[in-house]
Amino acid sequence: MRETTSDGQDTADPDTGTEAGVIVVGAGPAGSSAAFHLAQAGVDVLLLEKTHFPREKVCGDGLTPRAVHQLIRMGVDITAPGWMRSKGMRWVAGKHQVHIDWPSLGRYPDFGLARGREDFDDILARHAVAAGARLRTGVKVTAPVTDRAGRITGVTAGTDGKEPLEFRAPVVIAADGASARLALAMGVRRDARRQIATAARRYYRSPERSQEEYLELWADLRFPGSDHYLPGYGWIFPMGDGRVNVGLGALPHRRHGKAELRAALDQWLARTPPEWGLREENAEGPVRGAALPLGFNRRPLYAKGLLLVGDSGGMISPWNGEGIGQAMEAGEVAAETAALALAAPRGPRRERVLHSYPVEMNRRWGSYYRLGNAAADLVFSRSGFQPVLNRYVMNSPFLLSTLARLLANLTDNPSHDLIDHLLNTAVRLVPAPRRS
Ligand SMILES: Cc1cc2nc3c(=O)[nH]c(=O)nc-3n(C[C@H](O)[C@H](O)[C@H](O)COP(=O)(O)OP(=O)(O)OC[C@H]3O[C@@H](n4cnc5c(N)ncnc54)[C@H](O)[C@@H]3O)c2cc1C
């Protein structure tokens, strides 16, 4: 897709449309969701994306009910062809294998989805454009523009070999992914104490597995050539089109450091039955990997006119490595905040509204992420998921459901059942962070 509006008009003229109410940098799930919700609120929003759609993004392509909830809130047609539904998860650990259906909750749908990011991001960007956002692709943001107080007032960008451009807006949303270049340029640094996970994935042609109704997760992967459990898990996500997305993600191990993901993937796939087809001759494309910024590892989420959403704000869940739904949800909150801020006069009142964004994000996920960061440090990065998925847990439907809902952050609040009650209480009891 190239720089088109909802009515298909070309908006590629570099001399027009460089002013906006809000500039969103990056049209991944975070940026397109933010742009969609801003446009819905009637805000003039400019969405700048360095690539052209459709384009690949390294990902597992799996969507839990939380992410589906965000798609439904945006009115994306998930009944159209190409969306692969999942009923739940199949966990494999040692000799044990269990199926856990997505729960029936009041707030979230009881199904998940899978969709390749080549399509997914294109669909979301088009959806934002259809709502009224102005999308400019092939525009790589290079630096913030700031006023004398250091507040962001726009961005400079390079555009496919043409003259560099300057775009201006009173509020800017950074949705440029894990590199977080815009945040960095504004002095918002990563918390060096927080670990960064890495993940790698590859597509395989596997008619046998492609139509499966469960997202499959393997918890008993090991460091290549050793007995140590990998602090992470492997996945096989059915794409419904004859392919599966296969990958693994891991934290650095406390004692053994980072695993070589490609070797770990090969070692694991060699264990899978040949009829599944997860072998070199069925592979489509190379193994590709990327970093996973977890557990709010970059703060503050708002500073000097710039709001961080999605991976640029380190919003991937430390519990399960999921980041698409989180990026979309944060995009919605950031959009609402920016729209309210623009309705306030420039100055302290507007600033107060913008500062409510990190407060709201912390209210939603602060305690849950702190608990997840502690679990990652104390359990997952030492021994992976294997001790959690022990024989006792694997044989108890109640403990399994509790664990699954904890990992995917699926509860109703106020609580409707005992699991909601246990999980909501556990999260409530997490101590507030110490002020540094
Ligand atoms: C191997 C792997 C597997 C994963 N599997 C899953 C999964 O199954 N489910 C899940 O929920 N999450 C998964 N994740 C995490 C998920 O991919 C991310 O959390 C999600 O993509 C974050 O969305 P985002 O919009 O914040 O960033 P991104 O998706 O990275 O989008 C950022 C956008 O900004 C653009 N951009 C960057 N710099 C600039 C610039 N200077 N100027 C203009 N545009 C710019 C990029 O081109 C891109 O379009 C996985 C991650 C990896 C690495």
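In which helix is R209 found? This is a predicted model, in which local features need pLDDT of at least 70 and side-chain atom pairs count only at pLDDT 80 or more, while totals for chains, interfaces and linings use all residues. Residues are numbered from 1 along each chain as its sequence is written, and side-chain values use heavy atoms, with hydrogens and water left out.

R209 lies in helix α5, which covers residues 207-210; helices here are DSSP runs of H or I with at least four residues, numbered from the N terminus. Its relative accessibility is 8%, and R209 therefore counts as buried, a term that means under 20% relative accessible area with a 1.4 Å probe and protein chains only. Leaving aside neighbours within four places in sequence, R209 is in contact (heavy atoms within 4.5 Å) with R90, E216, P238, V244 and W276.

The contact is made by R66, A67, Q70, L71, R73 and M74 on the α2 side and by G325, M328, E329 and E332 on the α7 side.

Helix α8, residues 348-383, holds E351. Not counting residues up to four places away in sequence, E351 touches R151 and Y302, and the C-alpha atoms of E351 and K304 are 8.7 Å apart in space, although 47 residues separate the two in sequence.

Notes
Helices (H or I, at least four residues) and strands (E, at least two) are DSSP runs, numbered from the N terminus. Buried means under 20% relative accessible area, exposed over 50%, partly exposed in between (1.4 Å probe, protein chains only).
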